Amino acid sequence: RSRAAPEYSVEWARDRHRMHAGSILPRWAFRTARPRVRRASVRCSECTLTAEDSLRMDMNKNNTKKAPSMAKSVHTPDTTARCVTLLRDCESLDALIVSFQVSKPHVEGVDKLRRAVLREREVALRLQTAQDAAREKSVTGLENNLRGFQLELDCASFFPEVTAVRKRFATRPPSAHAKLTDDEVCEVDVVARGGAYWIECKAEKGRVASGLVQQALALQRYARAPCNARPFGVAPKVCVFLTGALGEHDARVLGDAGIVTLLRGARDGGGAALDPESALPPEPAPVTTANLDITALFALVSEVAAATASDDFETFTEHKAIKEWSLKKPQHAACLSAELADPTRLDQALARYKRLVAHPSVLIRFAKILRTSGGPRERERWETLWRARVEVLEVPLELDSRAAARKTQVRALERIANHQLDAFELGETCVAKTFTANGRAVQSAAEQGVVLDAHVHRAIWLVGL
């Protein structure tokens with residue numbers, strides 16, 4: 001039970017102060033001089049409330065009773081209808097995304113786009129019955145987001161060789177010792193032409209916001225990071241795919257920065273159509289030089305590759321020497337089975353290249369192995385068919401800034417043998433497609449931020465015949 005609070009006079013307080021001032025004891029020693037009074041709690045059914053507490057509780061009850069009648073309803077017919085339209089549009093867009101995913105299963109990130117649409121649908125569903133004064137503003141935000149998602153899907157459906165949507169890139173390769181921060185990571189709406197173009201989508205009804213320029217310039221800085229360079233050290237080109245009116249100043253700033261602006265026009269009937277005159281810039285000229293590493297040279301002269309070009313490959317596999325060779329190593333047997341099911345035919349892949357080159361160190365190592373492990377027919381095939389066609393080419397001593405930077409990047413790669421780096425270095429500095437069976441080295445280079453222009457084929461071994 002609560003006790004009544006004692007009354008304290010001014011004289012009592014003065015005497016207490018004199019006692020504190022004239023004592024050598026610390027101040028906390030006198031805390032028990034004043035009796036402690038436990039405050040009454042309203043949770044106790046037997047406590048006695050003060051007049052002030054009772055008045056406060058009465059005011060709260062009155063306010064609670066009046067709140068519903070004073071609140072203004074946010075369920076206007078227009079906002080509710082917009083929520084219903086949003087739900088229908090979300091479901092329609094979700095069906096289009098599923099159809100796109102089925103037709104182009106190789107495109108990365110489509111699941112992320114679909115999850116974003118489904119999240120917006122859940123929000124629209126809650127807003128139908130929400131008691132929120134900012135409900136109309138939330139519905140407007142959902143409508144803007146849905147237009148952006150639709151534009152991303154249109155962009156991915158229209159442009160050629162789209163490899164990913166909503167793909168994340170960083171300014172440096174990932175490391176176990178230093179995690180990537182938010183400032184080091186960006187998200188690209190659509191990646192087209194095999195990664196050569198990064199497209200930022202912006203759906204606006206009227207004039208495009210000025211923040212688009214800053215977004216595009218920031219995306220360009222990410223694209224120019226060394227780890228995002230395309231083959232031969234070329235950075236991805238940033239494009240902006242948008243609806244709405246772009247100001248003259250903003251268009252001039254984007255053009256001066258080398259950022260391509262792609263506009264989407266409108267047609268009658270409320271639909272939207274892509275402007276056929278606004279498309280990605282033409283692709284660069286195709287590479288005409290093929291750079292061969294030692295595994296590609298093995299595949300050209302191997303007796304296995306020669307047998308696949310003939311019509312009696314099954315008879316070839318029944319040869320006694322071939323059976324003995326296939327039993328030596330599991331890789332040999334796997335090579336025969338794979339070539340029987342799907343021949344590599346590397347000679348046909350090289351037919352469209354005007355020039356075949358190889359690094360001097362690669363040719364020296366190949367000649368040594370061919371002399372010790374190759375058979376007479378394989379050595380003869382090299383001398384008569386390929387030696388005159390493969391040009392010995394060294395890395396130029398004088399390189400432009402781009403090629404020099406690319407050479408430094410390749411040479412800094414870890415966990416790759418030096419003779420393999422020689423081949424990669426030659427291909428990147430001389431703008432040549434590197435043919436190799438060492439897919440693990442190509443993947444390791446990509447993980448370290450160096451994307452090589454490489455044709456990875458099946459490993460075909462020398463037989464010794």
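Mentor: Residues count from 1 along each chain as written. In this predicted model, local features need pLDDT of at least 70.

Trainee: What is the strand order in the open sheet of five strands?

Mentor: The order is S1-S2-S3-S4-S5, with mixed pairing. Strands are DSSP runs of E, at least two residues, and helices are runs of H or I, at least four, numbered from the N terminus. Two strands pair if DSSP finds at least two bridges between them.

Trainee: What makes S1 (164–170) and S5 (260–263) edge strands?

Mentor: Each pairs on one side only.

Trainee: How do you know that S3 and S4 pair?

Mentor: Six bridges join S3 (residues 197–202) to S4 (residues 237–242). Pairing needs at least two, so they pair. The two strands run parallel. Tyr197 stands opposite Lys237 in S4.

Trainee: Which strands does helix H5 (residues 135–158) lie across?

Mentor: H5 lies across S1, S2 (185–192), S3 and S4. Contact means heavy atoms within 4.5 Å.

Trainee: Why is H16 called roughly antiparallel to H17?

Mentor: H16 (residues 401–411) and H17 (residues 418–429) pack at about 160 degrees, with axes 9 Å apart. Angles run from 0 to 180 degrees between N-to-C directions, with axes fitted to C-alpha atoms, for helices over the stretch in contact. Angles over 145 degrees count as roughly antiparallel. The H16–H17 angle therefore makes the pair roughly antiparallel.

Trainee: Which residues of H16 make the contact?

Mentor: They are Arg402, Ala403, Arg406, Lys407, Val410 and Arg411.

Notes. This is a predicted model: local features need pLDDT of at least 70, side-chain atom pairs count only at pLDDT 80 or more; totals for chains, interfaces and linings use all residues. Side-chain values use heavy atoms; hydrogens and water are left out. Angles under 35 degrees count as roughly parallel, over 145 as roughly antiparallel, 65 to 115 as roughly perpendicular and the rest as oblique.
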